[in-house]
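Trainee: I am new to this structure. Please take one part of it and go through it closely.

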Amino acid sequence: FQALTGSRLRASVATHEMAAAFMANGYARVTGRPGILTTIPGPGFTFALTGLAEAWLDSVPMVHIVPAAREVPGREFALQAIDQRAMARPIVKRIIEVKKPDDVESGAFEA
């Protein structure tokens, strides 16, 4: 987040992930440009689903950036490890998976 403060991107911090999703939704509706939000995996991701569903139903362009939960070899249970792809699939146009840092830029352009 600190890197954003020195960039040309305008960032707003929401107090809740659902609020962030609706803020991105409102931004997209007003400007006609995609609203972008980022959350933590697990509970942060699930809190944003309501705003994503609203955008899906109204054809509002949004991009939700969320990391995958940390995978720990040999542990079945990992903090915040839920199947985010399965939860999002019914209410998103596309899921773009980025596996390594060098692919972030191309993934963002693809989105």
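Mentor: Asparagine 25 is buried, because its relative accessible area is 3% and the cut-off for buried is under 20%. In this predicted model, asparagine 25 sits in helix 2, which covers residues 17-31. Beyond the residues up to four places away in sequence, asparagine 25 touches Gly51, Glu54, Ala55, Val60 and Met62.

Two of these partners lead to other parts of the picture. Val60 is one: tyrosine 27 and valine 60 are 33 residues apart in sequence, with their C-alpha atoms 9.7 Å apart. Tyrosine 27 is also in helix 2, and is partly exposed at a relative accessible area of 34%. Leaving aside neighbours within four places, the contacts of tyrosine 27 are Gly32, Arg33, Pro34 and Gly35.

The other is Glu54, which forms a salt bridge with arginine 29, the closest N and O atoms lying 3.8 Å apart. This pair joins distant parts of the chain, since glutamate 54 belongs to helix 3 (residues 43-57) and arginine 29 to helix 2, 25 residues apart. Glutamate 54 is partly exposed, at 32% relative accessibility, and arginine 29 is partly exposed too, at 45%.

Arginine 29 has a further salt bridge, to aspartate 58, at 2.5 Å from N to O. Aspartate 58 is in the loop between helix 3 and strand 2 (62-65), so this bridge ties helix 2 to a part 29 residues away in sequence. Aspartate 58 is partly exposed, at 38% relative accessibility.

Conventions:
Residues numbered from 1 in each chain as written. Predicted model: local features only at pLDDT ≥ 70, side-chain atom pairs only at ≥ 80, totals over all residues. Heavy atoms only, no water. Helix = DSSP H or I, 4+ residues; strand = E, 2+ residues; numbered from the N terminus. Buried < 20%, exposed > 50% of the residue type's maximum accessible area, 1.4 Å probe, protein only. Contact = heavy atoms within 4.5 Å. Salt bridge = Lys/Arg side-chain N within 4 Å of Asp/Glu carboxyl O.
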